[in-house]
Amino acid sequence: MILWVKMGEMALQELVQRLDSVTRSIDEIMQQESSPLCAVDVTPGLRKQFAFLSGGRGENGNPIIIFPEFPAFGELQEQEFHNVLTYLTSVPSLSAAGVGFILVIDRRQDRWASVKGTLLRIAGSFPGNLQLVLVLRPTALLQRTLSNFLFQFSKDEFKMKVPVIMLSSITELHSYIDRTQLTQELGGTQEYCHEAWISHRTAIEGFALMVKKTAQTLQSFGTELAETELPNDVQATANLLATHTDKKDQMKEDLKIALNQGGRLLESLNEPLVKDTDYTMNQDELENLATVQRLLGQLDETETAFDDFWERHHTKLEQCLQLRHFEHNYREVRCQLEHAGERLSTFSEVGISPAHGEHILKELTCHEERTSEVLDQAFTLAGEGDQLIESSHYAVDSILPKCSELRAVAGEISSIMKAKKSHMLKAMELHQSLEKATKWCDEGIYLLASQPVDKCQSQDGAESALQELERYLEMANQHRLTDPSTIWREYETVLNPDFKDQVEKVLQKQVSMQEMFDKRRVSLKKLAARQTRPVQPVAPRPEAYTKSPLSSPAHRVQDDNCSDQEIMNRVSCKKGTLIPNGSNSRPPSLSEEEENLAVLRRHVMNELLETERAYVEELLCVLQGYAAEMDNPAMAHLIPNTLLNKKDILFGNMAEIYQFHKRTFLRELETYTECPELVGRCFLQRMTDLQIYEKYCQNKPRSESLWRQCSDCAFFQECQKKLEHKLGLDSYLLKPVQRITKYQLLLKELLKYSRGCEGASDLQDALTSILGILKAVNDSMHLIAITGYEGNLSDLGRLLMQGSFNVWTEHKKGHSKVKDLARFKPMQRHLFLHEKALLFCKKREENGEGYEKAPSYSFKHSLSMSAVGITENAKGDNKKFEVWWNSREEVYIIQAASPEMKTAWVNEIRKVLTGQLKACKDASQQKTSDQIFPLPSTNTGSISLSPFKSSQKSIKKGEEKKAESAGPDTYASSSPKSTDKAKGWTKASLSMDASEEHDGYSSAEDPLNSDPEDEGGKKLSAGRYVVVADCDKGPQDLAVKTGDMVELVKEGEDGQWFVKNLKTSKEGWIPASNLLTLLGESESSHSLSSSEGSGSGNLSTSSSCSETYTSFSDIKP
């Protein structure tokens, strides 16, 4: 840099010296030092032509100045006379002027007085060196005589040091000066134009002045360029280079103009020669020509000097710009290298699982790809620096250290990157070994748990199971970990405390699994070694396992006193397998099974905790990387107008969800790490808090819509780039929805492995509650899509069910019915069942995509549940049921998509009506008995009660209506048992047709009217049942069809009943949920009759089994 500064100073000094030389040369050419006057200054005097330079020369080369006849010579101002003579004497070259001037004074037409005056004025003020004065005296006789006489007496007055010769004629003049050097007026041959001479002198002097100014301007410009301080940034340097280049171009344009002017002037001087090749220039013309040529030479020298200087200065500016570019790129690359190094330093973890390790390795690989680009940029930039140094850049002392630093830092990062990747690959190798060993242990535990105990009781079964274990153990070397010392030695660099704990846990798991295998092998070897007669498994008689319809403490005591073998039999009943009694029978090892299940529970619990931690991290990442950035002023310019002030719409209550999981739920879940079977309590305690997901899901369509409008904006792209996420924000906004659905899957797994444990019931309750939340979330998504309902939906109570149905309607007007059944095409309606009302809506088309693709519902009408009744079966279709209102004034025949869906809806409506019945019962017990009137009994098999006042008219009307009824069989609901006893009613019942007012209510003792869901599940009751759903035949199951009647034999586990099909006489297992009580043996059981009033206690399988529930709005307590 210092060298370059010195070189710049030298270049400037050289330019100044050369241009100073040009200026001096111009002054010499134009004789500016001896005579600063120019033609322009004395043009008026020159135009009077009282004296002029003809261009002639004397014998010794003396310049000739001619004073032609000028009558007004005496009137000339002294200053004007002096200036003209001074200028004329400055025109010839210094060498010619040094020889001396010859003056030719033509006074032939004048008087002696004029001659004398002229000589006196010339003698007094001639500025040059005189060689000879020739005077053509007056030609008149008198004036000539006087001049000869008076001249002799006046010589001393002239005070001239040169001879003054008085000539009488031109001929005498020619004896002193050659005719070729005299103008035609003096008898010579020389051509002379005074105006041309003035024009040429003016042009020459103007050109000389232009050349001089140009040289001075270039000198000033060069000084300005050299003294300009170089900027420190790229843009300013580029601007300076552009500015200087523009100024240089302007200077070059001025030089070009001067050169063109000089060329034109030179052509003008050569014009006589062009016109006449024989023309001979006089001495003054030759000197003018030489002057212009010298001026052009000086102009060329000026341009050359400036070009040399500009080349150096331009090189300096270009190198400065290159340096600024290099420094700018250096700072950027250096910053990227620092960022890459910092990001690389964060890869200190080795992962907590293979998936986590693989994720870290993928991120490291992605970072390596991005860093490799930065490293390439660093090495490329260092190469560019080397090229600058090789090109003799002036800032070598600044570039060289930066190049060295770039190579050193890039090499260091590359080495660290390779070490990190090697470190991570080593960790992944160990992770995969741990995963393989863990999987091998888990599969071994599953193998132990899956071996059927009954088959292992025989010698062949034991040998087969033993061989299975031996084959599995043969694969141990391929999957299990080696000895700990080898692991500690090979993976010492990657084993942090947590990783070491993982290895120790897997090693301990291997040991535990090996011990379990060893115990099982010992047991199987003992069984295989016994040489006893095999026992044929025989299923026991059904009567031996029939439970009493009403379980009593005595029964439970008997169960407690059962032998271990019987307990095993009952455990095996879950799969429909019976273990025979015999000497070879032995109970399974409960400790082994429990240990296996405990391992599985811990596995599920670990998954729950790991995914919960990852979920919390993802929420934090979204809130910090996206939501917080929306409030960052630095990012405000990237946010589109459609996204402004809409953070709450885009993210919903994600912040609330994050705070709950971070501060509360995750911490409480971690307390159940060692007892996963009890984690259901945590879910139950926080079930209210988990309802915040309903708010998030309700907002999701609005969030999805906003995201679709702004997904391509630069703000989201910049945030995603900073977070280094491969997935967009929409994937992370879906995380809460995915998480709330994940809980029920994990709870199901835990419940599967926690049967019989202390917290199994809590897990079941937690699972039910989570499913309830999911249902509520789903229902709420539909509720918010209802349009046209003028009231407040929240006033209708909790939403119980919703679904789409085919609906036909009947309306009773007076004594006639208006049926819509004539319409073969049913109405498509979406029903919403609330606690207080049933809403009928029309489903509109679904629009949009994703969460925007949600249906909308137009409200049509609603029915108050306080005035609703139902008929289970309608028109012989097992998918139809009736909902009627206000004593069948309006009847809605509803067809479900499946019998199961119809059953679910009927049961739910039945629950609502049963709840209303219970409320009426409680209220009626507080009133006096005279407010309720019993009805007379008939021979039907059901009990009926009307809340209205009895009369013969009403009974008769009911009988007539019943006779006219051709619809499905209906049954009026009956009063509670406690009320029967209070009023003294009998067990007989009065049959009432469903079309008659239908204001009865169900008896809690009627098997058909009892709600199994209200009692927490179907209770065992000996008797006959009807099948309400088809059952496919499994290995131990009984194949039945809807409508088949079965008889209960015994109760199994998990809701399985052992029954006998009365139609086929076959026996087998069937889910209790698929059965509906028909005939019971308890005191509270009653046989049901058809609408014809038959007193038979049996109900044919072909008869319609309809059940009617009516409203309770008109019951007065």
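**Salt bridges up close**

Modeller: Happy to! Arg601 and Glu677 form a salt bridge, with their closest N and O atoms 3.4 Å apart (a salt bridge being a side-chain nitrogen of Lys or Arg within 4 Å of a carboxyl oxygen of Asp or Glu). This pair links distant parts of the chain, 76 residues apart: Arg601 sits in helix H20 (residues 590-627), and Glu677 in the loop between helix H22 (654-670) and helix H23 (679-685). Helices here are DSSP runs (H or I, at least four residues), strands likewise (E, at least two), numbered from the N terminus. Both Arg601 and Glu677 are buried, where buried means under 20% relative accessible area, exposed over 50%, and partly exposed in between (1.4 Å probe, protein chains only).

A word on the source: this is a predicted model, where local features need pLDDT of at least 70, side-chain atom pairs count only at pLDDT 80 or more, and totals for chains, interfaces and linings use all residues. Residues are numbered from 1 along each chain as its sequence is written, and side-chain values use heavy atoms, leaving out hydrogens and water.

Next, Asp284 meets Arg57 in a salt bridge (2.9 Å, N to O). Asp284 belongs to helix H11 (residues 283-345) and Arg57 to strand E1 (residues 52-57), 227 residues apart. Asp284 and Arg57 are both buried.

Glu363 pairs with Arg343 at 3.8 Å, N to O. Glu363 is partly exposed, at 28% relative accessibility. Arg343 and Glu363 also join Arg370 and Glu724 in a network of salt bridges. Across the whole structure, the search finds 40 salt bridges.
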